[in-house]
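Here is a friendly briefing to read alongside the model. Have the sequence and the 3D view open as you go.

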Amino acid sequence: MVQGEAQDTAAARLKHLETYFREHPVTGPVEGHAASRSAPAPLSLGTLSHIRASVKEVVDHTLETNPDAGPAPSRADAVYDWCREHTAHAPEAAQQRAETIEYRQYLEHCLRAGDTKVIPPHRCPECRCFGLMWERSSQRARCTNANCTDSDGFSHAFTLARLAHEHIAGQKSVRRARAT
């Protein structure tokens, strides 16, 4: 990574979502919603709910792992650093869970901002090929390998939670292998 270049992290993506939707208010009917007689909210309420739910999930996990963590930061994007700091001495399983939550949320933040290019670099958990594509209608990553089908002949589809788990577990395996 080039020095001074911003990192592409869950925190950076969350900050982008929060900033973008505060600076670019909704000015008309939101696509996919019926027109209403009342004025639209000044920002995307769906995105605001997404931000709040993301922060709450990280805070809840951190406090469950370390009840003495203290208050969460007021800035939404700072919650990930706060979590890592307060779970650094937790059991490995709790740390891996925190990393998995953060990575899944990174994928969610990217997709919410319209960046579907974050899905294809992941291997299919079933056939291990690089053929995943985001399917918006089902909110799943679907394998495009014609030979990667379930018992009914449908192509396999995976949740972001599954992709995040596979990604973090794979990183852990690589780190362990390098340490030996």
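How far apart should the ends of helix α2 (residues 45-65) be, at 1.5 Å a residue? The 21 residues of α2 should span 30 Å, and the end C-alpha atoms are 30 Å apart, which agrees. The expected span is 1.5 Å times one less than the number of residues. This is a predicted model, in which local features need pLDDT of at least 70, side-chain atom pairs count only at pLDDT 80 or more, and totals for chains, interfaces and linings use all residues. Residues are numbered from 1 along each chain as its sequence is written, and side-chain values use heavy atoms, with hydrogens and water left out.

**Helix α2**
- Helices are DSSP runs of H or I with at least four residues, strands are runs of E with at least two, and both are numbered from the N terminus.
- The buried residues of α2 include T47, L48, H50, I51, S54, V55, V58, V59, H61 and T62.
- Buried means under 20% relative accessible area, exposed over 50%, and partly exposed in between (1.4 Å probe, protein chains only).

**Confidence**
- The chain has a mean pLDDT (the predictor's confidence in each residue, from 0 to 100) of 86, and 79% of its residues reach 70 or more.
- Residues 1-5 have pLDDT below 50, and beyond near neighbours in sequence this stretch has 2 contacts (heavy atoms within 4.5 Å) in the model.

**Cysteines**
- The whole structure holds 0 disulfides, a disulfide being a pair of cysteine sulfur atoms within 2.5 Å.
- The sulfur of C127 has its closest cysteine sulfur in C129, 3.2 Å away, which is too far for a bond.
- C143 is in no disulfide either, with the nearest cysteine sulfur, that of C124, 3.7 Å away.
- C127 is partly exposed at 29% relative accessible area, while C143 counts as buried at 3%.
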